[in-house]
Amino acid sequence: MNRTLATLAAGLVLTTVAACGSSDSDSASGDATKAPETTTITVFAAASLKDTFTEIGKQFEAANDGVTVTFNFAGSSDLVAQIQQGAPADVFASADTKNMDKATGDDLVEGTPRDFAKNTLQIATPPDNPARIASIDDLADSGVKVVLCAAEVPCGAAAAGVEKAAGVDIKPVSEEQSVTDVLGKVVSGEADAGLVYVTDVKAAGDTVKGVTFPESAEVINTYPIAALSGSKNAGVAQAFADHVVGAKGQAVLATAGFAKP
Amino acid sequence: MFIPAALGALLIVLPLAAMASRVEWGEFFSLISSDSSRAALWLSLRTSAVSTLLCVVLGIPMALVLARTSFRGQTLLRSLVLLPLVLPPVVGGIALLYTFGRRGLLGETIEVLGLQIAFSTTAVIIAQTFVALPFMVVSLEGALRTAGHRYETVAATLGARPTTVLRRVTLPLVLPGLAAGAVLSFARALGEFGATITFAGSLEGVTRTLPLEIYLQRESDPDAAVALSLVLVVIAVLVIGLVRGSRSSAL
């Protein structure tokens with residue numbers, strides 16, 4: 001069954017490639033001789049790093065002539081699954097150690113991953129804070145519409161940890177798929193409050209209000225970065241990781257609200 | 001001609017077959033019968049049934065107006081009614097949010113009436129009806145136009161009142177179209193994802209329908225996600241069979 005399928009799939013792919021490739025090949029080889037030497041590295045980074053890594057990527061390109069950095073931003077578990085399936089990635093920056101461990105466990109990582117940032121949870125409310133949320137205890141009041149991440153995703157696991165540390169039992173009206181979804185429900189005023197990362201509140205600007213609570217220090221998310229063993233540009237990949245851990249990268253991350261590792 | 005046709009067929013069939021080959025058949029029933037899966041399936045079936053009923057109740061008059069009357073702006077109205085067919089469901093969800101949400105256009109009115117739509121099963125049904133209604137209107141309007149109004153005219157000249165004509169002549173004539181529309185609406189409601197996750201949220205037993213459950217299970221238990229996906233595929237195949245059955249009996 002599986003072999004038949006595989007043969008069929010291979011046939012389909014080959015036919016398609018042959019059909020699409022024939023006309024392009026001449027022009028492509030012509031360009032390659034004229035164009036200057038360029039190196040492109042692909043960085044797989046957690047969705048919460050979109051703004052900061054885009055900026056760090058520009059810094060890195062400016063400092064290294066002929067280097068282009070492209071990004072794939074998605075949930076860390078999606079990214080690690082893509083890397084495991086052989087996606088062409090040079091660097092992996094995860095939002096938690098759990099997903100980085102999956103990559104190291106499969107020997108996909110070059111060297112040891114390095115922690116480059118930390119993030120904690122914060123309560124986000126609409127700007128006028130209609131339910132007058134002042135502490136995490138307020139989230140447990142009935143009548144307050146709270147939105148959390150589902151326990152299956154990292155931000156939901158963090159929320160569960162914070163609940164446990166504070167000894168409160170929050171009954172959410174919705175368990176969302178990602179931090180962005182939680183934030184969306186708060187920004188639109190559908191929910192009275194949500195638990196998101198400090199950096200999300202900061203990035204959302206005036207559209208939400210952040211409420212800090214001391215128990216958030218109990219659950220800290222650590223972001224590790226590593227060059228991948230499948231990289232064809234191992235040197236550049238390693239240099240990018242060094243740049244993120246280095247002073248310039250750290251400055252960008254600190255401005256966005258990330259804590260030092 | 002047969003080669004591109006075969007490639008096209010492969011493109012559709014191959015991913016489904018590949019998915020089926022990944023199912024852990026030994027654990028299939030335990031995977032699809034976990035509490036959260038059962039809650040999601042039951043919620044999906046319940047909400048889709050209610051949405052289909054709403055599509056029938058709202059779709060019949062809409063199709064009648066479009067097929068049996070003519071007025072200025074009818075073409076525009078028809079295009080607008082069909083919009084959810086081509087709109088990305090997420091966009092539909094955002095639109096619904098700004099209409100029925102707590103701070104939406106009708107939000108305050110609804111809250112004054114003591115109704116809570118946000119994060120409720122009602123929100124799921126509204127989202128499903130929004131995306132499924134055009135299927136009903138299109139099927140039924142087509143059937144009405146094909147049936148023509150000769151029989152209705154005859155019935156009227158024989159002294160039947162408009163309601164009697166509708167009940168005894170028009171609706172029986174277009175029953176296959178109505179059935180096909182209902183089945184398609186049900187299928188669309190069952191598969192609805194984008195508008196629901198944007199507008200209604202995701203909570204077990206309240207708003208987390210089967211497609212949302214599949215999306216969430218992907219994070220932690222891919223085997224369960226694949227098994228549940230196959231359940232939806234089977235339901236979809238059954239639905240197509242039903243529609244084809246009702247179409248061929250109509251001919």
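## Reading a helix pair, a sheet and a chain contact

Author: Helix 2 and helix 9 of chain A are roughly antiparallel to each other. Keep in mind that this is a predicted model.

Reader: Glad to start there! At what angle do helix 2 and helix 9 of chain A pack, and how far apart are their axes?

Author: In general, a packed pair of helices is described by two quantities, the angle between the axes and the distance between them. Here helix 2 (residues 50–63) and helix 9 (residues 247–255) of chain A pack at about 150°, their axes being 9 Å apart. Angles over 145 degrees count as roughly antiparallel, and the pair is therefore described that way. The crossing of helix 2 and helix 9 of chain A is right-handed.

Reader: Which residues of helix 2 and helix 9 of chain A meet?

Author: From helix 2 of chain A come A:T52, A:E55, A:I56 and A:Q59, and they meet A:K248, A:G249, A:V252 and A:L253 of helix 9 of chain A. Sorted by class, this contact has three nonpolar, three polar and two charged residues.

Reader: Now the sheet, please. In what order do the five strands of the open sheet in chain A lie?

Author: The general idea is that strands of a sheet pair through backbone hydrogen bonds, in a parallel or an antiparallel way. In chain A, the five strands form an open sheet ordered 2-1-3-10-4, with mixed pairing. Strand 2 (67–74) and strand 4 (114–119) of chain A each have a single partner strand, so one side of each is left without a neighbour in the sheet. On average, neighbouring strands of this sheet are turned by 20° against each other, direction ignored.

Reader: How many bridges join strand 4 to strand 10 of chain A, and which way do they run?

Author: Five bridges join strand 4 of chain A to strand 10 (residues 221–227) of chain A, and the two run antiparallel. One residue to look up is A:R114, whose bridge partner in strand 10 of chain A is A:I225. Helix 8 (residues 234–245) of chain A packs on the sheet, touching strands 1, 2, 3, 4 and 10 of chain A. The direction of helix 8 makes about 155° with that of strand 10 of chain A.

Reader: And the contact between the chains: how many residues does it take from chain B and from chain A?

Author: It takes 21 residues from chain B and 23 residues from chain A. Helix 1 of chain B gives the largest share of the side of chain B that touches chain A, six residues. By class, that side of chain B has 12 nonpolar, six polar and three charged residues.

Technical notes: Residues are numbered from 1 along each chain as its sequence is written. Chains are lettered from A and ligands numbered from 1 in the order in which they are written. This is a predicted model: local features need pLDDT of at least 70, side-chain atom pairs count only at pLDDT 80 or more; totals for chains, interfaces and linings use all residues. Two strands pair if DSSP finds at least two bridges between them. Helices (H or I, at least four residues) and strands (E, at least two) are DSSP runs, numbered from the N terminus. Axes are lines fitted to C-alpha atoms, for helices over the stretch in contact, and angles run from 0 to 180 degrees between N-to-C directions. Two residues are in contact if their C-beta atoms, placed from the backbone, lie within 7 Å. Angles under 35 degrees count as roughly parallel, over 145 as roughly antiparallel, 65 to 115 as roughly perpendicular and the rest as oblique. A crossing is left-handed if the near helix is turned anticlockwise from the far one by less than a right angle, and right-handed if clockwise. Ala, Val, Leu, Ile, Met, Phe, Trp, Tyr, Cys and Pro count as nonpolar, Asp, Glu, Lys and Arg as charged, and the others, Gly among them, as polar.
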